[in-house]
Amino acid sequence: MGEPRGPQPIEILLTDRQRTILEEIVRCRNSLQYEVTRANIILQGAAGERNRRIANKLGVHRQTVRFWRARWKKASVELSEAEIEIDDKEFPLSDEFEQIA
């Protein structure tokens with residue numbers, strides 16, 4: 001089959017804490033559906049999935065996947081800096097995620 005054609009998707013890198021928070025959002029019954037979709041986009045992007053495949057799996061448009069990958073990339077520096085400053089007993093990054101979501 002060979003290499004996929006088209007532009008390469010934006011690379012998503014997650015810290016362990018970020019991954020844990022995103023997975024918690026996906027699993028939580030009380031999470032809003034749009035938050036679950038956005039968290040899944042980021043998690044699948046970090047796993048190396050291409051935009052088209054993520055969009056097909058989640059039933060969203062490819063542009064939606066591109067948008068949230070770009071938004072995560074832009075916010076990732078701030079999230080990493082915030083992560084360094086937080087107390088290990090809490091997960092305030094979930095508040096940071098909601099601000100970019």
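Reply: Let's start with V65, which lies in helix α4; helices here are DSSP runs of H or I with at least four residues, strands are runs of E with at least two, and both are numbered from the N terminus. This is a predicted model, in which local features need pLDDT of at least 70 and side-chain atom pairs count only at pLDDT 80 or more, while totals for chains, interfaces and linings use all residues. Residues are numbered from 1 along each chain as its sequence is written, and side-chain values use heavy atoms, with hydrogens and water left out.

V65 counts as buried because its relative accessibility is 0% (buried is under 20% relative accessible area, exposed over 50%, partly exposed in between, with a 1.4 Å probe and protein chains only). Leaving aside residues up to four places away in sequence, V65 touches I41, N51, I54, A55 and V60, where contact means heavy atoms within 4.5 Å. T37 is 28 residues from V65 along the chain, and their C-alpha atoms are separated by 9.6 Å.

Now for the aromatic residues. A search of the whole structure finds 1 aromatic pair. The ring centres of F67 and W68 are 4.9 Å apart and their planes stand at 90 degrees, so this pair is edge-to-face (rings of Phe, Tyr and Trp, the last by its six-membered ring, pair with centres within 6.5 Å; planes under 30 degrees apart are stacked, over 60 edge-to-face, the rest tilted). W68 is buried at 9% relative accessible area, whereas F67, at 39%, is partly exposed.

N51, one of the contacts of V65, also leads us to the largest pocket: 13 residues line it, and R5, P7, R50, N51 and R52 lie nearest its centre. A pocket here is an open set of points on a 1 Å grid over the protein atoms alone, where a 1.4 Å probe fits, with protein on both sides within 12 Å along at least five of seven lines; lining residues have an atom within 4 Å of a point. The elements giving two or more residues to this lining are α3 (51–58) and α4 (62–85), and α4 gives the most, with 3 residues.

Stepping back, the protein has 5 helices and 0 strands, in the order α-α-α-α-α along the sequence. Of its 101 residues, 36% are buried. Among contacts with a separation of 6 or more, 58% join residues 24 or more positions apart.
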